[in-house]
Amino acid sequence: MTAQLRSLDRAFFDLSARVKLRVSGSDRLRFLNGQLTNDIRKATETTAVEACVLNAKGKLDAHLFAHVHAESFLLDADPALQSALQARLERYIIADDVQIEDVTARWSIFHVIGAPRSTFSSGTRVISINRFGPQGHDIWSEAADHDQLAAELSKEFESCDENCAEGFRIEQGTPRWGRELTGDIIPIEANLEQRCIDYEKGCYIGQETISRMKMSGQRNKQLCGLVSPKNIPLVSGMRLIGPEGKEIGWITSATRSDPREIALGYVKRGFNSVGSKLEATSAGHPAVPAEIVDLPFVR
């Protein structure tokens with residue numbers, strides 16, 4: 001399915017399961033700019049921004065997208081953050097006029113690659129956004145209109161289900177919460193610097209670590225693309241072994257992208273140059289040769 005998708009200029013993804021939070025109140029902009037790595041002032045009713053929420057050590061608490069809706073901001077994040085994201089943000093509401101409401105059940109989200117029509121069903125909103133690499137658009141609608149909108153989209157776009165979307169985002173080198181993005185990762189290590197970090201916007205939680213990494217240019221590990229020269233499948237969780245048999249990283253996600261077996265993984269500093277030869281190992285299985293390549297795999 002991934003090979004088929006790459007040949008398409010028009011595809012759509014059902015992202016309705018993502019957690020959705022409505023942030024309102026007169027202090028909403030100031031509050032969110034103190035929590036997010038990106039400048040929420042860049043968000044509009046037709047353009048979303050991508051950002052991270054960090055802890056005091058600069059490690060990830062969440063990864064999300066945000067846009068303006070009426071007198072509020074709408075945030076959306078991976079479904080796995082359903083119970084954690086709202087609590088994490090509310091922890092820092094002290095004397096702020098800010099209200100955070102879980103509106104997950106109210107809205108559906110479809111993401112499309114390829115220009116959508118200017119109008120769909122009544123009540124839909126089209127948001128310019130880059131989720132997978134190629135520029136795309138989100139189409140938000142009331143949850144009650146989900147099936148009708150899916151039927152409309154299927155007339156214009158090729159449907160990409162969950163397995164298809166997973167393969168596609170690996171090909172594009174796009175990190176995902178629960179795979180490449182966890183509480184042990186600093187955004188810069190996951191190649192999110194250009195997409196998620198604004199160095200000019202002012203203070204936010206975790207900023208000190210991010211600024212220090214920018215100044216030093218050093219990071220302990222880096223998200224890399226990996227290919228199997230012998231086309232032996234690579235598997236999430238495999239450990240990466242470098243010179244002298246030392247463990248230098250691990251694989252986070254893998255798929256077959258015809259004709260290659262590819263993967264994403266973290267590799268320690270000093271061993272993550274493009275062209276480096278590694279071995280991927282797992283208990284009870286022979287070592288698999290792997291080579292670091294540029295991301296994205298598909299351009």
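Here are some friendly notes on the aromatic pairs, the charges over rings and the pockets of this predicted model.

1. The structure holds 6 aromatic pairs. In one of them, the ring centres of W107 and W140 are 6.1 Å apart and the planes meet at 65°, so this pair counts as edge-to-face, the cut-off for that class being over 60 degrees. The pair links distant parts of the chain, with W107 in strand 7 (residues 107-113) and W140 in strand 9 (residues 136-142), 33 residues apart.

2. Are these two tryptophans buried or exposed? W107 is buried, at 5% relative accessible area, and W140 is buried too, at 1%.

3. Next, have a look at F132 and F168. Their ring centres lie 5.7 Å apart with the planes at 50°, so the pair is tilted. F132 belongs to the loop between strand 8 (125-129) and strand 9, while F168 is in helix 5 (residues 162-171), so the pair ties together parts that are 36 residues apart in sequence. F132 counts as buried at 10% relative accessibility, and F168 is buried at 6%. Together with F13, these two phenylalanines form one aromatic cluster.

4. R131 lies over the face of F65, with 4.5 Å to the ring centre.

5. Now for the largest pocket, which holds about 610 Å³ of space. Its lining has 24 residues, and those nearest the centre are L15, R18, D78, F132 and R176. Which element gives the most? Helix 5 does, with 4 residues. By class, the lining has 11 nonpolar, 3 polar and 10 charged residues.

6. The second largest pocket has about 160 Å³ of space. Among its lining residues are N38, T47, E50, F65, S128 and R195; F65 is the residue whose ring face has R131 over it. Strand 3 (49-54) and strand 8 each supply at least two lining residues. By class, this lining is made up of 4 nonpolar, 5 polar and 2 charged residues.

Conventions
Residues are numbered from 1 along each chain as its sequence is written. This is a predicted model: local features need pLDDT of at least 70, side-chain atom pairs count only at pLDDT 80 or more; totals for chains, interfaces and linings use all residues. Side-chain values use heavy atoms; hydrogens and water are left out. Rings of Phe, Tyr and Trp (its six-membered ring) pair if their centres lie within 6.5 Å; planes under 30 degrees apart count as stacked, over 60 as edge-to-face and the rest as tilted. Buried means under 20% relative accessible area, exposed over 50%, partly exposed in between (1.4 Å probe, protein chains only). A charge sits over a ring if NZ of Lys or CZ of Arg is within 6 Å of the ring centre and within 35 degrees of the ring normal. On a 1 Å grid over the protein atoms alone, a cavity is a set of points where a 1.4 Å probe fits but cannot get out, and a pocket is an open set with protein on both sides within 12 Å along at least five of seven lines; lining residues have an atom within 4 Å of a point. Grid points are joined across faces, edges and corners, and a volume is the space filled by probe spheres set on the points. Ala, Val, Leu, Ile, Met, Phe, Trp, Tyr, Cys and Pro count as nonpolar, Asp, Glu, Lys and Arg as charged, and the others, Gly among them, as polar.
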